[in-house]
Amino acid sequence: MANPRTIARLEARILERAAHCVEFELNDPRAGMVTITRVELSSDLTAGKIFYSVLGDAGDKSKAAHMLESAAGFIQRKVARVLNMRRVPHLRWVYDESIEAA
């Protein structure tokens, strides 16, 4: 079990690097207005969730979900390069519905 400060630091670093990848490094036309909202890591640092939101209708959300799933390995490698960890958490993409609910 990791220190909560360590978890928060890693979450912030993953958020920063994943957002940079989505914005500047993916050359996919399906990447519309995708915003990464937050990252949650498990207490043992083996798994994590990246929450994202999409500006647009249901079709745009579907395209963005497929794009992120196909680019998951690429983004995982880019995140792994900036983390100073022996084992990198396995990251999953989850659509964040909290913005729509607000």
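1. Buried, as used in this note, means under 20% relative accessible area, exposed means over 50%, and partly exposed lies in between (1.4 Å probe, protein chains only). Arg 17, at 15% relative accessibility, therefore counts as buried.

2. Basis of the note. This is a predicted model, in which local features need pLDDT of at least 70 and side-chain atom pairs count only at pLDDT 80 or more, while totals for chains, interfaces and linings use all residues. Residues are numbered from 1 along each chain as its sequence is written, and side-chain values use heavy atoms, with hydrogens and water left out.

3. Confidence. The predictor's confidence in each residue is given as pLDDT, from 0 to 100. The protein chain averages 91, and 99% of the residues score at least 70. Helices (H or I, at least four residues) and strands (E, at least two) are DSSP runs, numbered from the N terminus. On that numbering, confidence is highest in strand S3 (residues 90-95), at a mean of 96, and lowest in helix H4 (residues 98-101), at 76. Where pLDDT is low, the predicted coordinates should not be read in detail.

4. The sheet. Three strands form an open sheet: it has 3 strands in the order S1-S2-S3, with mixed pairing. Two strands pair if DSSP finds at least two bridges between them. S1 and S3 are the edge strands, each pairing on one side only. On average, neighbouring strands of this sheet are turned by 25 degrees against each other, direction ignored. Here axes are lines fitted to C-alpha atoms, for helices over the stretch in contact, and angles run from 0 to 180 degrees between N-to-C directions.

5. S1 and S2 run antiparallel and are joined by 7 bridges. Across this pair, Val 39 stands opposite Ile 50 in S2, and Glu 40 stands opposite Lys 49 in S2. The hairpin has 5 residues between the strands, and Leu 45 takes a positive phi near 60 degrees there.

6. Helix H1 and the sheet. Contact means heavy atoms within 4.5 Å. H1 lies across S1, S2 and S3, and runs at about 155 degrees to S1.

7. The core. A nonpolar core is a set of buried Ala, Val, Leu, Ile, Met, Phe, Trp, Tyr and Cys residues joined through side-chain atoms within 4.5 Å. The largest one here has 25 residues, and Ile 14, Val 22, Val 34, Ile 50, Ile 75 and Trp 93 have the most contacts inside it. Two or more residues each come from helix H1 (4-25), strand S1 (34-41), strand S2 (47-54), helix H2 (58-70), helix H3 (72-82) and S3. H1 gives the largest share of this core, 6 residues. In soluble globular proteins, nonpolar side chains tend to be buried together.

8. Neighbours within four places in sequence aside, Ile 75 is in contact with Ala 18, Cys 21, Val 22, Leu 26 and Trp 93. Val 79 is found in helix H3 and is buried, with a relative accessible area of 0%. Not counting residues up to four places away in sequence, Val 79 touches Ile 14, Arg 17, Ala 18 and Leu 91. Val 79 and Ile 14 are 65 residues apart in sequence, yet 6.2 Å apart in space, C-alpha to C-alpha.

9. Ser 53. This residue is found in strand S2 and counts as buried at 10% relative accessibility. Leaving aside neighbours within four places in sequence, Ser 53 is in contact with Met 33, Val 34, Thr 35, Thr 37, Tyr 95, Asp 96 and Ile 99.

10. Salt bridges. A salt bridge is a side-chain nitrogen of Lys or Arg within 4 Å of a carboxyl oxygen of Asp or Glu. The whole structure has 4 of them. In one, the side chains of Arg 17 and Glu 25 meet at 3.1 Å, N to O; Glu 25 is partly exposed, with a relative accessible area of 26%.

11. The Arg 38 network. Salt bridges link Arg 38, Glu 40 and Asp 96 in a network. Glu 40 bridges to Arg 38 with the closest N and O atoms 3.3 Å apart, and the side chains of Asp 96 and Arg 38 also meet at 3.3 Å, N to O. Asp 96 lies in the loop between S3 and H4 and Arg 38 in strand S1, so this pair ties together parts that are 58 residues apart in sequence. Asp 96 is buried, at 5% relative accessible area. Arg 38 is partly exposed at 33%, and Glu 40 is partly exposed at 35%.
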